[in-house]
Each structure stands twice: as structure tokens, then as C-alpha cells.
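I am opening a notebook page on this chain, and I will write down what I looked up and in what order. The structure comes first, then the entries.

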Amino acid sequence: MNQLNKLRSQDPLYFGGLIMVAISAIIFGLTINIEQENSTGVFFVNYALSAVYQICLIVHLFSNYKWHWGQGKLHHTVLLLILLFISAFSLNREMNVFDSSVTWCSIWIILSVVTLILASNFKLVLLQKFRYILFFFVGLALMLFIYYSIFLFPLYFISLIGLVALGISIHTYVPLFLTIITIALITKAIRIDRKLWYPTAAGCLLPLIVLTFFSLKWQQTSEKINSIINRNSLNDSKLPAWVEVGQQLEPTFVTERLLKTGFVYHEADIDHLFFGGMPNRSFDEKQQHDPLVVIATLLFKKPNLDEKERINILKSLHRARHQAQERLWAGDYLETIITINNIKLFPAYRMAYTEKTVLIKNNAKSSWSSQEAIYTFNLSEGSVVSSLSLWIAGKEEKSRLTTKAKADSAYNTIVGVEQRDPSVIHWQEGNTITIRVFPCTPKENRKFKIGITSPLRKEGKQLIYQPIFFEGPVASNVLETTQLTYSGNITGLKLPKSFKEMDRNVYLSEEKQQLNASISCLAPPLSTAAFSFAGSSYQLANYNKKYNSFSPDCIYLDINRSWSKAEFDSVCMMAQEKPVYVFDRAMIKLTPQNREELFNKLSGYTFSLFPIQEISAPEKTLLVSKGGVQTPNLNDLGDSHFSKELVNYLKVPKQIHFFNLGILESPYLKALKELRVFNYASGSMEALDKLMANHLFIQNQENEQTVVIEDAALMIKKADNVQTQNAPDHLLRLFAYNDIMKKVGPDFFSKNYIKPDLVAEAEQAFIVSPVSSLIVLETQKDYDRFNIEENKNSLKNASMKSSGAVPEPHEWALFALCLSFISYMFFKRKDKKAIVC
């Protein structure tokens, strides 16, 4: 504090400049997330601060040194350039010369500014050791300023003309001025202490070393990609080249940047003012500026992957499926500001119903800026969407259910051509659904609500509710309110700390983030109450695993990076004398001679796509797998030979004996499981060993009248003529979803699975599935135009109030008849009384 008071009295211009730098930096930092169209005011504040300090500096120089300004103090000039440097980044928000800096570069910029301030007033740095550390960072700062000076070089001539006209283009030259003054500071310091040369040189060398290492890894990765593509072509592989590239690439820092160059990361482009290539907008992620990527793209050519192939790899390796969604309109000004979860647990039925309401804000300054909101909801296995609402002109409008083709046709026509209000929700592979809402304008916030029916996962004596997570318009400041209620009795309820009991059986939570902690309770006895509709009833039963005698003739291993050598050796040992096969472009039988080599090669793959179509006798074989979350979806494979062979193979329904080590995470295998391609079992290595030692495997208990939801340890059975009871209508919804998935399995990959009977089943249960979508249109004329009729003999949109049994059509008729009879008797009696009087 004494040092600051001394500085204020001895050099008020410098002290005032420090305060201005602090104010300018705080303003810039607090408005870092402001939208581009609203940033003009911020720039002029920052620019005004630099202009005021510049005037004060000129007055100071003239009054003290007349026209000999070169005798002025260097640290005054440093503060002026730093103010202009901050102002330049504010201006960049509007003019977008370069995109937002990546995190590590932003830290480098901040360190460089602080370092330059300290180094410019050399006398303030009292400790000798601290000076050496300081000048290491001065070297780092010098390399940053040199980079930006070169980056902006193509604009120097244009800015020189603008300098005369406007003066704002002075910002183009600020990095160059900072480079010159940093060199002057280093020269001045070395004259005082020659040993400062060493830390300064080390600071200059570090970025060059990092750049060299990054560039070498970049080039090696690019060459590896090209080599894999060439070998794929030579070997006439059945998989697309990009799949093999994705398998053999490691999801590293360098790999992600190489694949996202042009989509997310700014790239050098000599044809457009040297560094001025504009980022591609086909990938929905914030554009960023990374100096390492810019320099690497200047030095090396891109790998031989086209845009679509790179996006497909990103979907698999970096879970970027949401960012790669096709768009009709941009959504870069959209923000999710409120989410409301209304959760109702049905412990006795091992299921839950969740209504999630989302409020979207368009932050664009222009009132005509209409944008499209796209959300991807990640659902737990077996969950199904059972309602959709969109608020139009302040009124909640419920959805209708139709085929995906009709929904797409209506949405694309209205959004792409007419620009009016629709919302649509589609089923996607991998337990996800996508919702599109249009238009989102700055004039009003848009609001939609979806309802999701979910089974509760059973672990031991616990039932676990898994929160529904979404990806969509930025939700960094979202206020999420969650209300939890339950039906019937509940014991052992465990809630996240944010929940508070508001009323009897009602709990409330409010947080500025998405709910990510699970909710659990003790599992009560399973209810046997039925839900009846359209002549059928649906009841629950416990799913107890049953086993059949099974001794495989051969074993297939699906090897990838998830496997350990110990696990591989253990399974081979369990096989005893039985043949064991792995897949490496062809099925290969393991031998003592090739075992090590094949494992080392296949365990280097990031993911695997085991070709089940190569299994000739599924009833006599066992497939053992283990895999992570990184795999392509089946629809990504297009018309590849792999896909075509799989289609032909699955035309005849098969039940492959499949054991997964651990939790099933692979989207590829999850889809096959959900489509009932597998007779599925999972567990530890000990569980597999026990099954093989006892020559047993899990019995498939599903049939036309029964579906199994394994995670919830329950079965839903369909029966005729069961007396209606007060069970939730979600029994029918979950039965229908699982039954449809079972029936579309053989035809799913041939795209011939949309059949009238399956559409009718989805319509009756009113659920989103591979054959059905939900859509909300603005007017009845829109529904009529696209032949989307109101759903009849259907449960329609689920709601918190519709959890009990729904009267069947003949019951409604009976109610009406009874009501008419009562009315008739009432008025007849009234007439008799009037006559008597």
C-alpha cells in the first residue's frame, strides 16, 4: 500500500494509467459473453479510455519535454498500448478479424499484458530472482506480439488509408507497436543486467518448441490419415474409409483440432489475405482462434478427408453428433434461459414421467433475426417421448403424432419457405431424440415442453431415476427449477442437496445448471394393477433371469482399446479347446503364434464395429464385447458394403448370444440390443466365467405379448379381457415402444420398417419411435394441407394428470348413455312435479 501511495505521488500519470487499464480490463471481462451486435458500446468505452490517456500523455510530454518526446518514460507508452490492445479485442467482436481465442491463448494474452506492465517499470521489481522469472514471461509476450503482428500484416495497407479517414484502424498496428516496445524493454534491461538475456531467450524459445512439437504431431496425424485412406482403397474394405480413420486415430488435442479446422478453428488461407479464410458454418460450435492451428494449416496441407467424412469422425470420436445436426436456419444468437423439470415417480411401477419445459431467448439486436433452435435430449435406455407442446401467441398447443416423412415435409416446407410456427421431434439412434423449434425471434421468448416416460433402473434394492440431459443453445446461465412428486408410498428417498421439501410429498430444487445427480428410493413390491385400453390390458411382472443350457461351438471377441491384456487372456483361457476368432478385415482364428500380434493391433483401435453378419451360426456361437462411447451410429454407414451385408443378414430375425463386459456404452451395440438382435447378458469377468463353466446362458423371455425392460428388472405383459384398474397409462407407452423396436429390427437398416401396423401401434400409445414423430403446427389448415389428421383411439399427449386408466371408446359411449338417461329421468320428474302443482 505504501508503494502505491509513493507511486501515486511520484508519477500520477502512470498511476492513473494503471487505474484506466484495470477499468478497461474489467469492462472487457464482464462483457465477454455479450453478443456481437450489442458490443459497439463496449468498444467505444474501451476506445475512449485509451483516447483520454493518450491526450493526457501528449499533454504531459509536451509540458515536460516540448517536442523531444523521445525522452519520455517508456512505461507511460506501454500503458497506452495496452489500453489500445484491450480496445482492439473489443473492436474485434464487431469486425471479427479473428475469432475468440482458445483458453490457453487467452491466458497467454493476460499474462503478456501483466508481464509488460511490470517489466516496463523495472524499478518496481526489487527481487533479483523475480526479475529472471519476469523476463522469462517477457520472452513469451514478445512471441505473442510478433504472432499477432504477422497475422494482421495483410491489413496494414488498408488500415493505413483508414487511419487518415477514421483513426480506428490504429488498432491494426498495436501488436506491431507492442513488439517494438517489448524489444526496447528487453534491450534496456539487458544493458542493466546481462544475465536477463537467458530467461528472455528461454521465454522466446518455449513457444517455438511447443509449435514444433504440435506441427510434427499435426503432420504425422495427417500422414497417418492419408495412409489409412490409401490402404482402405487398396484392400477394398467393406467399411467407409472414414470409419477406419476414426478407429485408428487417438482422440487427442491435436487430432480434434485437425478434424475441426475450418469448422471451429480458424485456418490460414493464402488466397484470402494470407490468414483470412472464413470458418465453415456447417458445424454448430463457437468459432475459435488457435495460433497453433493457424500456423500448422499454413505449413501443411489438409488430409484427404472431405467435409462430411470429417464430421462423421467427429461424431464418433468427440461426441459431436449434436453440433453436426443439419440446419435450415442459424441458431448462434439463441440461449436457453430457463428449464423446468416436473418429475413424478411411480415406485410401485418402476417408472417415472418427466415434463421438461424450456424457454429460449434470441439475443440478436435486429428484430427480424429469426433463428432455429435445435435440442438433442439424451434419454436413459428404454425411455420414450410421450408428449410435446409449443406455445404459439401465448397459448399452449399440443402435438399430433404422424410419420417421420410427413413431419419432415411439413416442417421443412413451413420453416424453409413460409417461416411460420412449427416444432417437431424425431427419434434418433443411441437413446436420443431431437427437437426443432422455429421461429425464435428477439421479440419474444419461445417456450416448449416435452414429456418423457422412463423406466427406473433397479440396482439391488434401490430404484434410480436418471436425470434427462440435453444439448442445445448455450445454457451457461440457465435457471433450472425441478419439482419432484410421487404416486403411492415411497421409502428411502434420496435426493440431491439442492432439494427442499415444500409440501407433503412435494420437493423443489433451483440451480443454475442442469440437474445431474440421480434420485433414488427403495424398491417396493411391484404392482400388479393393469391399465386397459382398446380391448387390451397391460400388467407388470418381475423379470427374473432364467437360463438355458448353452455351450458354444466357437467364441468371437470384439477387441478394441477398452480391453486389457488380462481380460483378453482370461476369456481365451475360458474357451479351453474351443476356437476363438477376432476380426481384422476378415475373421481370424487365434493361435499361439498370432495371439499377441493381433491383440496388440486391435487393442490400439479407439472403437470397433464388429461385423455380426460374419457369424454364420449365431445359435451356436458366443460374442464377447467391451466398448466405450465412441462408435458411429448405424445410419452413418450409408450404403457401404458393411451396411448392405448387415441388412441382408438381419432380414431373418436372429438372436446372437452376446455378453458385454461391464456397462454397455457403444451406440452401435446399443442399437443392435434395442432392436433385439442379441440374446443379451452383461456383467463382470467372473459372471462370464460362471456362465461358461456351467454351460448356461440367459433365456430370452420376450414374445408377442411380453416385453422385457432389463434395467428396471420388469416385464410388461399384454392380455385380453383384464378388468380395468388404476395403473398409469405409461405401461402401454413403454410396452408399445419396446414392441415396435422388437418388430422393426429385421428391416431397420433397409429402411423398409415403416409399416401401417407399427404406425398404428405408435399412434395408439402416442410415442416417438423409429416409425413416428410428434409435430405442432400453427393452424388447422396446416395440418389439413399436409394430411396430418387428429389422432383417434389414442392415448394422445401424456400429462401429469393422465397417469391413471383411460376409459375405452365403448366406455365413453356408456358414460354418455348413462348421462342421457339421468338427464331424461331428472327432467321427467321435474315435469311431473309441475303438473301436480
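Is Glu645 buried, partly exposed or exposed at its relative accessibility? I found Glu645 to be partly exposed, because its relative accessibility is 28%, and the scale I use calls a residue buried under 20% relative accessible area, exposed over 50% and partly exposed in between (1.4 Å probe, protein chains only).

Before going further I note that this is a predicted model, in which local features need pLDDT of at least 70 and side-chain atom pairs count only at pLDDT 80 or more, while totals for chains, interfaces and linings use all residues. Residues are numbered from 1 along each chain as its sequence is written, and side-chain values use heavy atoms, with hydrogens and water left out.

**Entry: the chain as a whole**

I looked up the totals and found 23 helices and 31 strands, where helices (H or I, at least four residues) and strands (E, at least two) are DSSP runs numbered from the N terminus. The chain has 837 residues, of which 53% count as buried. The exposed surface comes to about 39500 Å², with 57% of it supplied by carbon and sulfur atoms; these areas come from the Shrake-Rupley method with a 1.4 Å probe, and for residues only the protein chains shown count as cover. Among the contacts with a separation of 6 or more, 77% are between residues 24 or more positions apart, a contact being heavy atoms within 4.5 Å.

**Entry: salt bridges**

Side chains of opposite charge can pair when their charged atoms come close. I counted as a salt bridge a side-chain nitrogen of Lys or Arg within 4 Å of a carboxyl oxygen of Asp or Glu, and the structure holds 30 of them.

I returned to Glu645 and found that it forms a salt bridge with Lys238, with the closest N and O atoms 3.2 Å apart. This pair links distant parts of the chain, since Lys238 lies in the loop between α9 and α10 (241-248) and Glu645 in helix α17 (residues 641-649), 407 residues apart. Lys238 is also partly exposed, at 36% relative accessibility.

I then looked up Lys565 and Glu596, whose side chains meet in a salt bridge at 2.9 Å, N to O. That pair too links distant parts of the chain, with Lys565 in helix α15 and Glu596 in helix α16 (residues 595-602), 31 residues apart. Lys565 counts as partly exposed at 28% relative accessibility, and Glu596 counts as partly exposed at 39%.

Within helix α20, Asp739 and Lys742 lie 3 residues apart, about one turn of the helix, and their side chains meet in a salt bridge at 3.6 Å, N to O. Both Asp739 and Lys742 are buried. Elsewhere, salt bridges that share partners join Glu355, Glu396, Lys398 and Lys449 into one network.

I stayed with helix α20 (residues 730-744) to look at Asn738, which is buried because its relative accessible area is 5%. Not counting residues up to four places away in sequence, Asn738 touches Arg676, Val707, Val708 and Ile709.

In the loop between β30 (714-720) and α20 I looked up Asn726, which counts as exposed at 61% relative accessibility.

**Entry: helix α11**

What share of helix α11 (residues 253-260) is buried? I found it mostly covered, with 6 of its 8 residues buried, namely Val254, Thr255, Arg257, Leu258, Leu259 and Lys260. These buried residues pack against α5, α9 (197-234), α12 (291-299) and α13 (307-317). After α11 comes Gly262, which has a positive phi near 95°.

**Entry: a nonpolar surface patch**

I noted a nonpolar patch on the surface formed by Ile110, Val114, Leu118 and Phe130, with about 340 Å² of accessible area together. Patches are made of residues with over 30% relative accessible area and no salt bridge, like charges being joined within 9 Å and nonpolar side chains (Val, Leu, Ile, Met, Phe, Trp, Tyr) within 5 Å. Helix α5 (residues 103-120) gives the most to this patch, with 3 residues. Val114 is found in helix α5 and is partly exposed, with a relative accessible area of 43%.
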